[in-house]
Amino acid sequence: MTAAPLFKKVLIANRGEIACRIMRTLTEMGIGSVAIHHPVEARARHVTMADEAIEITGDTPVAAHLDIRQIIAAANTAGADAIHPGYGFLSENAAFAAAVAEAGLTFIGPDAQTISLMGDKISARNFAEAHGVAVAPSVMPTDDINDFIAKAGDIGFPLLIKAAAGGGGKGMNIVRTAADLAEAARLASSEAKRYFGDGRVYAETYVERPRHIEVQVLGDGQGNAIHLWERECSVQRRFQKIIEEAPAANLSPALREEICASAVQLARAAKYKNAGTVEYILGADGRFFFLEMNTRLQVEHPVTEMITGLDLVRAQIEIAAGKGLPIAQGDLVESGHAIECRICAENPDNDFMPETGVVQYLGVPEADWLRFENALQEGQKVSADFDPMLAKLVVHGSTRSDAVDRSVAALHDLSLLGVTTNIDYLARVLDHPAFRDGDLHTSFVQEHKQALAAPPATGLSLVQALAAAALGYRDFQDLALGTPEPYAAIGGWRN
Amino acid sequence: MSIRLTVDGVEHHVTVARRKPHLVLLIDGVEHEVSRTPAIGNGRNLMAVGGRRVEFARAEVPDKQLVRLGGRTFEVGFVDPFSTAGGGASGADAVKAPMPGAIVSLQCAPGDSVTRGQPLVTIESMKLQTTLAAPRDGTIAAVLRSEGDTFEKDEVIVRLEPESEKV
């Protein structure tokens with residue numbers, strides 16, 4: 001006897017690769033899928049792949065995907081009994097979660113209260129601190145500079161002094177020794193006064209060469225939570241991740257255990273329900289501090305799936321349906337190493353400027369150790385309407401070095417022609433000795449800027465490319481292969 | 001008779017040197033035998049140059065071909081033999097949008113004298129602001145968009161007065 005599906009039909013309040021990825025799991029679980037789309041994306045893959053699709057409207061496509069009232073109406077029209085928000089859009093919108101619940105539907109995520117708690121940086125930090133999770137030591141602004149100096153000294157060094165009203169690096173100083181503190185604080189305060197008319201400053205621990213480490217957690221909403229180990233997402237540009245991996249490179253088992261335990265502690269304290277991610281900043285000295293908690297499925301969740309063999313979307317659905325956690329912490333088995341590369345429509349040689357175009361050709365390598373998460377179709381217009389991320393290439397290997405080699409090979413064989421992408425740039429990052437050594441930090445892209453620039457086109461491949469291009473023009477090929485003289489003698493060709 | 005192509009702004013020349021017994025192309029003055037000719041059209045393809053087989057993918061877009069080969073995508077531009085000799089004159093008169101977006105602010109007006117590199121327009125696309133600069137010294141002939149206007153990629157935003165025949 002087959003058990004009844006946990007839900008009849010789930011509306012996916014998202015689009016693109018993540019909507020397609022969620023649908024795969026829904027299908028496996030025997031659950032119907034409902035897509036939503038703005039008129040401009042009527043032929044998008046998430047629409048054609050879904051069992052049903054409902055059009056939503058808005059001044060812009062993004063506005064439509066943020067329209068809570070329309071999305072809930074669509075769910076009701078389709079007879080969906082749950083909504084999966086994916087990532088981005090309304091996935092961390094407490095009002096949306098509340099509206100879904102009010103409409104009598106299940107929100108595949110935490111309750112509105114938890115989203116609000118973790119969505120506000122200050123309340124999340126205070127909650128984390130109150131429950132024993134390490135936050136970066138800091139001293140809040142005060143009018144009394146001497147009192148401030150006394151307290152700041154207790155944080156330890158190096159520390160960063162910033163203008164309370166500040167921004168743009170003004171009134172910001174790194175202090176490395178206690179002897180420099182008083183003078184630096186007064187200097188920062190007077191600068192702050194001059195630039196912002198407010199002399200109050202605050203201090204926090206300065207983390208040098210910080211790494212971005214995050215822990216995947218699952219909570220059942222009853223106070224039970226487990227972790228699925230960590231991911232490293234230190235390689236970023238414009239403060240956005242472009243390469244993620246699991247596990248993190250070169251973490252000692254003890255430190256790893258400590259970070260993961262800290263995340264579980266937070267999830268338990270919050271009686272967290274859903275898959276979630278606790279983000280930390282990790283210093284070269286091994287100290288780590290809570291950054292924030294994302295109360296949704298993460299873009300880079302596939303690397304965790306690859307090393308654990310778990311399906312995180314299935315886990316989310318089971319938890320939302322009240323089935324509890326999919327596995328006990330002790331039963332979790334970790335295998336190998338996984339790397340995700342975010343393929344973006346952008347030009348890394350022009351400061352990662354977004355690019356647009358039409359997908360003319362898509363050639364994807366196939367292997368059982370590779371997932372190419374995408375919703376691309378040949379002929380598809382890549383416009384500025386949505387995020388420039390086009391796809392994710394996720395690769396598993398038995399070791400980190402194996403995963404790097406396989407990722408480089410897969411990027412090499414991946415063709416996405418018609419819009420400029422960062423595919424070749426990603427391969428250069430992975431192949432950089434510092435990446436291979438696992439010497440990662442959030443300024444990796446800036447630090448290695450020169451080494452990561454595209455090398456000039458020379459040599460054999462240039463000759464081959466020129467031959468391929470020249471012979472790609474029919475008139476030239478006719479000439480080359482010996483066309484009747486009168487035609488060849490016309491004296492020029494146009495494409 | 002040679003075809004002129006560009007890669008990363010560098011011009012290259014490809015000529016048919018001989019057709020028999022095998023096709024030989026003269027590429028930038030060096031002979032290369034092509035023992036297998038690729039098919040016409042977009043997609044995966046195969047050829048052999050200098051006795052080496054090479055797989056590649058190709059797509060044609062206006063004025064250029066995209067050739068992915070050896071883990072690298074080459075944007076190979078086509079220099080139209082019928083365009084003005086020396087090329088570039090018309091291109092250097094136009095300031096085009098590098099991507100679709102909207103005008104944030106204009107820093108020039110018709111009649112202004114500008115110098116090469118001088119910021120002319122601030123645009124925004126996908127929340128990124130960037131500046132379009134004068135491609136050369138000259139005088140602004142026309143500003144074709146106003147603040148708040150949107151535009152597509154490669155649209156001409158500002159036009160310079162053509163350079164006089166003799167400098």
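This is a predicted model: local features need pLDDT of at least 70, side-chain atom pairs count only at pLDDT 80 or more; totals for chains, interfaces and linings use all residues.
Which residues of α5(A) and α6(A) meet? I began my notes there, and I found A:Ala94, A:Ala97 and A:Ala98 of α5(A) against A:Ala112, A:Ile115, A:Ser116 and A:Gly119 of α6(A). I count a contact when the C-beta atoms of two residues, placed from the backbone, lie within 7 Å. Helices here are DSSP runs of H or I with at least four residues, strands are runs of E with at least two, and both are numbered from the N terminus.

Residues are numbered from 1 along each chain as its sequence is written, and chains are lettered from A and ligands numbered from 1 in the order in which they are written.

**Helix pairs in chain A**

I sorted the α5(A)–α6(A) contact by class and got five nonpolar, two polar and no charged residues. Nonpolar means Ala, Val, Leu, Ile, Met, Phe, Trp, Tyr, Cys and Pro, charged means Asp, Glu, Lys and Arg, and the others, Gly among them, are polar. The axes of α5 (94-102) and α6 (112-119) come within 8 Å and cross at roughly 180°. Axes are lines fitted to C-alpha atoms, for helices over the stretch in contact, with angles from 0 to 180 degrees between N-to-C directions. The two helices are therefore roughly antiparallel; angles over 145 degrees count as such, under 35 as roughly parallel, 65 to 115 as roughly perpendicular and the rest as oblique.

Next I looked at α8 (145-153) of chain A and α9(A), whose axes come within 10 Å and cross at roughly 140°. That makes α8(A) oblique to α9(A). Their contact has eight nonpolar, two polar and one charged residues.

**A:Gly199**

I found A:Gly199 in the loop between α9 (178-196) and β9 (201-205) of chain A. Buried or exposed? A:Gly199 counts as buried because it has 20 C-beta neighbours inside 10 Å; the cut-offs are 20 or more for buried, 12 or fewer for exposed, and partly exposed in between, with C-beta atoms placed from the backbone. Leaving out residues up to four places away in sequence, A:Gly199 touches A:Ser189, A:Ser190, A:Ala192 and A:Lys193.

**Between the chains**

I then turned to the interface, where 52 residues of chain B are in contact with 40 residues of chain A. On the chain B side, strand β6 (52-61) gives the most, with seven residues.
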